[in-house]
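Hello,

Here is the structure I promised to pass on to you. Please have a look at it first, and then read my notes below.

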Amino acid sequence: MIEIKRICEPPSADDAHRVLVDRVWPRVASKEVAKLDDWMKDVTPSPELRIWFDHDPKRPLEFKLQYLFELKGAVRNACVSELKERGLTGTLTLLFAAKDDRHNHALILLEILRREQN
């Protein structure tokens, strides 16, 4: 099972394996409070794509297409495979820091992981 939540949300008993999927450490959470099991910077959008997107609600489709293209790279693809395996063997909670919970890369990653589980 794979879930998603903002890193500022407190950990719960349902969060078996907590993975931060942001490139930079979010200012909204301390490492002690976040209780991370892993931090996968390599599964995030490139800095250039992240800056270009800037959570602009007019760009989500193009951002998604560009991010999906980036995920086909060897390192990012290996990270996706590792996350997929974790989701198959237990609960995986993807953590993100974006304020916009409708337009962000973690939602796209969640969609990919869930689709590949079926």
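**What I found**

The side chains of R114 and E3 meet in a salt bridge, with N and O 3.9 Å apart; the term stands for a side-chain nitrogen of Lys or Arg within 4 Å of a carboxyl oxygen of Asp or Glu. R114 belongs to helix α5 and E3 to strand β1, so this pair ties together parts that are 111 residues apart in sequence. Helices (H or I, at least four residues) and strands (E, at least two) are DSSP runs, numbered from the N terminus.

Before going on, two notes on the source. This is a predicted model, in which local features need pLDDT of at least 70 and side-chain atom pairs count only at pLDDT 80 or more, while totals for chains, interfaces and linings use all residues. Residues are numbered from 1 along each chain as its sequence is written, and side-chain values use heavy atoms, with hydrogens and water left out.

The structure holds six salt bridges. One of them joins the side chains of R59 and D56, at 3.8 Å from N to O. Another links E111 with R115, whose closest N and O atoms are 3.6 Å apart. Both of these residues lie in helix α5, four residues apart, about one turn of the helix. As a rule, an α-helix has 3.6 residues a turn, so residues three or four places apart point the same way.

**Strand β4**

Is β4 buried or exposed? Five of its five residues are buried, so β4 is largely enclosed by the rest of the structure. L92, L94 and F96 cover one side and T93 and L95 the other, all of them buried. Strands count as paired if DSSP finds at least two bridges between them. Strand β1 (residues 2-6) runs parallel to β4 and is joined to it by five bridges; within that pairing, R6 has F96 as its bridge partner. Strand β2 (residues 17-20) also pairs with β4 in the parallel sense, over four bridges, and L20 stands opposite L95.

**The nonpolar core**

A nonpolar core is a set of buried Ala, Val, Leu, Ile, Met, Phe, Trp, Tyr and Cys residues joined through side-chain atoms within 4.5 Å. The largest one has 23 residues, of which V43, L83, L94 and L109 touch the most other members. At least two residues of this core come from each of α2 (47-53), α3 (60-71), α4 (74-89), β4 (92-96) and α5 (105-117). Helix α5 gives the most, with six residues. Apart from this core lies another, of six residues, including L20, A29, L95 and A97.

**Helix α3**

Which residues of α3 are buried? They are F63, Y67, E70 and L71.

Best wishes

Methods. Buried means under 20% relative accessible area, exposed over 50%, partly exposed in between (1.4 Å probe, protein chains only).
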